[in-house]
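Consider the protein and its ligand as shown here. The text starts at the ligand and then turns to one residue of the protein.

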Amino acid sequence: MEIIKYTFSPHGDERGQLVAIEALKDLPFEFKRVYYIYDTKDGVRRGFHAHYDLEQILICVSGSCKIHLDNGFETQEVLLDKPYEGLYIANNMWREMYDFTKDAVLLVIASRPYDELDYIRNYDDFIKMVKENK
Ligand code: TYD
């Protein structure tokens, strides 16, 4: 499975760092939504879904967490621990997020507004769909 990560260029100076992300310049898609996950309790694993039609970039802007990716054929674990690095996830990818450090803030930039109908929340349905589409 190909893991696509974007490395953003921080505007660093003696004051510290600043990362700016512009649609279609720093990322390949327009985005319609941003959300972030923080204060994740010990041992929590979340996500457990795929999307029919959604592109996302995940950036752990503070602390670290791990992402389990599963395309129905292969799985991969990705560590996110740099505030200037974004993991790209497109359609039809099952994801789970775990091992959040206490200070973890996982920022997600998404190509579309929230739509519960775009979620595949049943793993067996997900596997069926990717195998049928192959
Ligand atoms: P949930 O899908 O359980 O998060 P995760 O996939 O990370 O486990 O989302 C938690 C709640 O937040 C749920 O009630 C739906 C809501 N939510 C929104 O309202 N908008 C959003 O963009 C997202 C991602 C979730």
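What follows describes the surroundings of the ligand and then those of a glutamine. The model is predicted.

The shell around the ligand consists of Arg33, Tyr35, Ile37, Arg46, Gly47, His49, Met97, Tyr114, Tyr119 and Arg121. By class, these shell residues divide into 5 nonpolar, 2 polar and 3 charged. Two or more shell residues come from each of strand S2 (33-38) and strand S3 (46-51).

Is glutamine 56 buried or exposed? The relative accessible area of glutamine 56 is 1%, and buried means under 20%, so this residue counts as buried. Its contacts, leaving out residues up to four places away in sequence, are Phe29, Arg33, Tyr35, His51, Leu87, Tyr88, Ile89, Arg95, Val108, Ile109 and Ala110. With one of them, tyrosine 35, glutamine 56 makes a polar contact between side chains, at 3.0 Å.

The two sites can be read together. Arg33 and Tyr35 are among the residues around the ligand, and Arg33 and Tyr35 are also among the residues that glutamine 56 touches.

Methods
Residues numbered from 1 in each chain as written. Predicted model: local features only at pLDDT ≥ 70, side-chain atom pairs only at ≥ 80, totals over all residues. Heavy atoms only, no water. Near = heavy atom within 4 Å. Helix = DSSP H or I, 4+ residues; strand = E, 2+ residues; numbered from the N terminus. Nonpolar A, V, L, I, M, F, W, Y, C, P; charged D, E, K, R; others polar. Buried < 20%, exposed > 50% of the residue type's maximum accessible area, 1.4 Å probe, protein only. Polar contact = N/O pair within 3.5 Å; in protein donor to acceptor, adjacent residues only side chain to side chain. Contact = heavy atoms within 4.5 Å.
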